[in-house]
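Student: Could we go through this structure together? I'd like to know where the labels come from.

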Amino acid sequence: MRRIVMILALLLCVAPGALAQQVKPIVHLLDNGMTVLLVPRTGDPNISAGWIAKVGSVNEHPGITGVAHLFEHMMFKGTETIGTIDAAADRRVIEQLDRLRAEIRKHEQELLRQQRVGEIDDWRDREHRSQAHQDLLEEFDSALGEQRGLIIKDDFDRIYTGEGGSGMNAGTDYDFTVYFINVPANKLELWFWMESDRLMNPVFREFYSERDVVHEERRLRTDSTPTGLLDEQFEATFWESSPYSWPVVGWPSDLYGLTREEALEFFDVNYAPNNISAALVGGFDPEEAIALAERYFGRIPRGEREPEPVRTWEVKQQGEKRMIGYADTSPQVRIRYHGVADGHVDEPALLVLGQLLSGRTGRLFKSLVEEQGIATSVSGGQNGRRWDGYFEIQGTAKQGHTPEEVESAIYAELERLKTEPVPDRELQKVKNQNAAAEFRRLQSSFGLLLQLLIAEGYRGWETINTTGPKLQAVSAEDIQRVANTYFEPEARAVAIYYRSQGSEPEDPRLAGLDDQERQQINMVRQQLAQAAPDQLDQMRQQLAQTTAMAAQVPEENQDMFQLMLELISERIEELEGEQE
Amino acid sequence: MKTVSGLRPPTLAMIGLLAMTTGVIAQQEIVSHPLELSFPELDFQPPDGAALRHELSTGTVAYVAEDHALPLVNIAILIRSGEYTAPAMLKPGVASLAGSQMRAGGAASLSSSELDEELDFLAAQIRTGIGSTRGSANMNCLAKDLDRCLDRFFEILRQPRYDQERIDLAKSQQLQRMEQRNDDTGGIERREWSRLLYGDAHFSTHATTEAELDAITRQDLLAFHAYAVHPGNFIFAISGDVQTEEILGKIEARLSDWPGAEAPGDVPKPGVEPQPGLYLVHKEDVNQGRVSIGHLSTVISNPDRFALQIMNNILGGGGFTSRILSRVRSDEGLAYSAGSAFGLGTHYDGSFRAFFQSRSAAVARATSIVIDEIGRIRTEKVSDEELANAKASFIDTFSRNFASAEQIAGLFANLELQGRDIGLVSTYRDDMAAVTADDVLRVAQEYLHPDRLVILAVGNVDDMLAGDLDNPEFSLEAMASGGSVTRIALPDPMTMEYAGR
């Protein structure tokens, strides 16, 4: 679906190499500070087009977390021209909605206070609202109704779709927000028109209903996924003072409180052309594209205030952090070390180190999965963000083994990297892969577009050419040195996830059973609970069959097996009781 | 890439030159609305599939699309086989394991880990797999290593070693995935939806059990491989830095002493009619309901497919411009994701499925909106603007199907595998353009069945049934066709036994 929170794995594909198929875009700098990168590919019937704003959740502060992402949604809501039949009337309604929202917020603040001191459970419950509060909400709804008559729904999408645009999307990350689309090669000017218009004249209509959409997105991605909330907590545990500690999608309370005014302020500074780079890859004439860029993007004024660098640095971690969580997931471990930001001199060695550990012929898979047989999957790598970074390794325990065993085995592999130099052939293997990746990354226009834009979001597009040679230059000594520098216990946070046991009080008969066995017992219990009296005959048969299997059950599972038989018998007795 | 000329609009090119020399272009007037812009014609003709098609002396078909921009070679083999093929020795789960282990389990002269090391050192990518109705083997390598990689590729295909330790590893990984079968509501929704549409007896809905997996032996994999993986079942799609004649020679040399064997039988059709009604799957700890609404559709060879695709695009397939997303998300803010898919089956009827994910309390209201929209497109003609936009979204994006040599070769090979005419690409845009609003109304009436809807809701059932206090008029149970409401208990993920059956 659209408007995704960017998945970081994308960045890992960018890791370049040295046979060096250099990418040489035509670079055009507009007077207002906007950079335009052009990679013409003669004869291509399509153009991949996009731009990046060098702003993400890292530029937020407590109270407005999630605004960068919500803002990305708002960029599809239209402009003075697009999305409305009467811009002036629409603006009046929007102002009225803002006023009402501010009034409503006062009432909400009172309810929030009541919840804070324990007078009510949930401030959103209708029953707690005063009459005045309820009246305001109704007034708000009727204003929304009025606005609906003025809006042309999803006009921005409709216009692009009607002209053959496809794959329109956008993504918000910690460090950047990127917008992209594919258009037929004859529709280049349409792209310039649409994108410059929304950068110049955006109107954040439907702001408050879009906030609800973002809430649904949060439910979908975080609340309703097995480890979503735990992952979020791990991020917040790992980062102490850094703004990377909050999720891109924002904290729920901030999502409720965000105002349109705050979004506008955010826009003025961060979406000014001096904070934006655009790129085109595909079938177009570069001279024409430069002329169009001058005409359309060139008319946008430079921002009045320069965006500020992120001020708050991560404080040095003083001791190991550990977190234990339970979820509907296989037992697993995440180990994360504080490390280096994108572009740090040690980053190439850490990237190569990550490759040595990962993949089918990587050290972790060979050792933990193949040789020791304690994990089913394990991998790790360097993750350099714009202002800071980390090295993370994750492993999932094999049935009958614990995440703690996986954790210790990972440390043993890291220890080996600290003490023994990596053999030449092993290092060369990784370098060969990086060299081939230099070509593979150029296979798709759209892929190249994203690489150029995201590189701009960090240190500039040139890095897609300069990183490759740096990776090729990494030596065995470099690897050993960075392993000794960064993999220290006091610099790491560890999360262990166990499969949740259910919330029922524990049956003393479960003592002595391992995680997997408990889980099976839980399952049997759930099934038995659903059995009805008319299934008694079936259950008796089942009990007989199961009993007959006893000899085939391995010794170590016999205690669980006996318990299972007991539970079935108990339930049969219960149901017999019900039947009478 | 096939080159296409005449893309450059001459007037704008001149403006471009002016800008370079005088810099006055920025003052040029900008039209006040994008629909006032005029565009040059896009002169795109799809490549001629027949010109790329070659038949080897062994009878095997290969499509070759040369592209010398990068020193990479890509070879994809489509394999006519799958879980459906049922020779006497085939146990459930064998085809899929035999497919993935072709690459993972080593080849005649190399153990699995030696093979891994060699391919990684060459930076060559080889993948194999067998799905429910088709298999595939792909190779991507640097042109300089082509011969060595081809040798390995064919060794893997022809003499897979199926190392026992890799089989054991794959089984343990599969067991772990099996354990997770009830963890994620998305997975539960997909599984239960196919069961409701195609029934438990159909191969496509069979979920391998722990006992079945345990029973699979290395011998089973070897036997299935011998039966299914042979040149008689192959179609090649070759692209990249190759000379057509040369690469065909190399392939032919490697196939010449490898006889094709028996062709697989027909893909079995499901034997049951889906039962309309409301189906509920309870998952305690989620605050969002996932809902699927629909019924069987039709097959891809149906001449109404163009009108059907346009109908679905307007109903829910076209993203933000489609009715379902527009109402459920934009108007009501009830969901982040909502829409519909009208799947056209290759071998048997596909499924029409409208879907959304919404907070539990809003599920009933969103369901009601989706059902309304399914009804509305059957009773009112779509507007000219909707029709034009839907057509454009197929016609004007058509060229994107041919954006790379790999896509071109793959597209034709795929049509061939499906037994369809490769000439279809030359008439596709005209066929789409010919669809009228009357056609859309007709196919909506003929292929959408509001009285036969299967409604599947996965989530916290109590909360979904309780609905929304602010909108008490919506009741999920009241929307069930014929008032039939069935609760599906989650199965034991390892035995796939459903309680209460």
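This is a predicted model: local features need pLDDT of at least 70, side-chain atom pairs count only at pLDDT 80 or more; totals for chains, interfaces and linings use all residues.

Student: What makes β8(B) and β12(B) a pair?

Tutor: Two strands pair if there are at least two bridges between them. β8(B) and β12(B) have nine bridges, so they count as a pair. For one spot to look at, find B:Ser292, which stands opposite B:Phe355 in β12(B).

Student: And what holds paired strands together in general?

Tutor: Backbone hydrogen bonds, and the pairing can be parallel or antiparallel.

Student: Which sheet do these two strands belong to?

Tutor: An open one with six strands, in the order β10-β12-β8-β13-β7-β14 (chain B), and its pairing is mixed.

Student: Why are β10 and β14 of chain B called edge strands?

Tutor: Each of them pairs on one side only. From one strand to the next, the twist averages 15 degrees.

Student: What lies across this sheet's strands β10 and β12 of chain B?

Tutor: Helix α11 (residues 305-317) of chain B does, at about 165 degrees to β10(B). A helix from the other chain turns up too: α7(A) lies across β8, β10 and β12 of chain B, and runs at about 75 degrees to β10(B).

Student: How many residues of the two chains are in contact?

Tutor: 77 residues of chain A touch 78 residues of chain B. Among the elements that supply at least two residues on chain A's side are α5 (155-162), β6 (177-184) and α7 (207-223). The largest share comes from α7(A), with eight residues. By type, chain A's side divides into 22 nonpolar, 28 polar and 27 charged residues.

Student: Now a helix. How do you know that α14 (residues 403-419) of chain A has about the expected span?

Tutor: Set the two values side by side: its 17 residues reach 25 Å from first C-alpha to last, and 24 Å is expected at 1.5 Å a residue. Those values are close.

Student: What makes the buried residues of α14(A) lie on the same side?

Tutor: The buried ones are A:Pro403, A:Val406, A:Ala409, A:Ile410 and A:Leu414. They cover an arc of only 145 degrees around the axis, so they sit on the same side of α14(A).

Student: What do the buried residues of α14(A) pack against?

Tutor: Several elements of chain A, including β9 (332-338), α13 and β10 (375-384). On the other side of α14(A), A:Ser408, A:Ala412, A:Glu415 and A:Thr419 are exposed.

Student: Back to chain B. Why is B:Tyr162 called buried?

Tutor: The cut-off is 20 or more C-beta neighbours within 10 Å. B:Tyr162 has 23 of them inside 10 Å, so it counts as buried. You'll find B:Tyr162 in the loop between α5 (146-158) and α6 (164-179) of chain B. Its phi is near 50 degrees, a positive value in a residue other than glycine.

Student: And why is B:Met496 called partly exposed?

Tutor: Partly exposed means in between the buried cut-off of 20 or more and the exposed cut-off of 12 or fewer. With 18 neighbours inside 10 Å, B:Met496 therefore counts as partly exposed. B:Met496 sits in the segment after β14 (485-488) of chain B, and its phi is near 55 degrees, also positive.

Notes
Residues are numbered from 1 along each chain as its sequence is written. Chains are lettered from A and ligands numbered from 1 in the order in which they are written. Two residues are in contact if their C-beta atoms, placed from the backbone, lie within 7 Å. Helices (H or I, at least four residues) and strands (E, at least two) are DSSP runs, numbered from the N terminus. Ala, Val, Leu, Ile, Met, Phe, Trp, Tyr, Cys and Pro count as nonpolar, Asp, Glu, Lys and Arg as charged, and the others, Gly among them, as polar. The expected span of a helix is 1.5 Å times one less than its number of residues. The arc is that of the directions from the helix axis to the C-beta atoms. Axes are lines fitted to C-alpha atoms, for helices over the stretch in contact, and angles run from 0 to 180 degrees between N-to-C directions.
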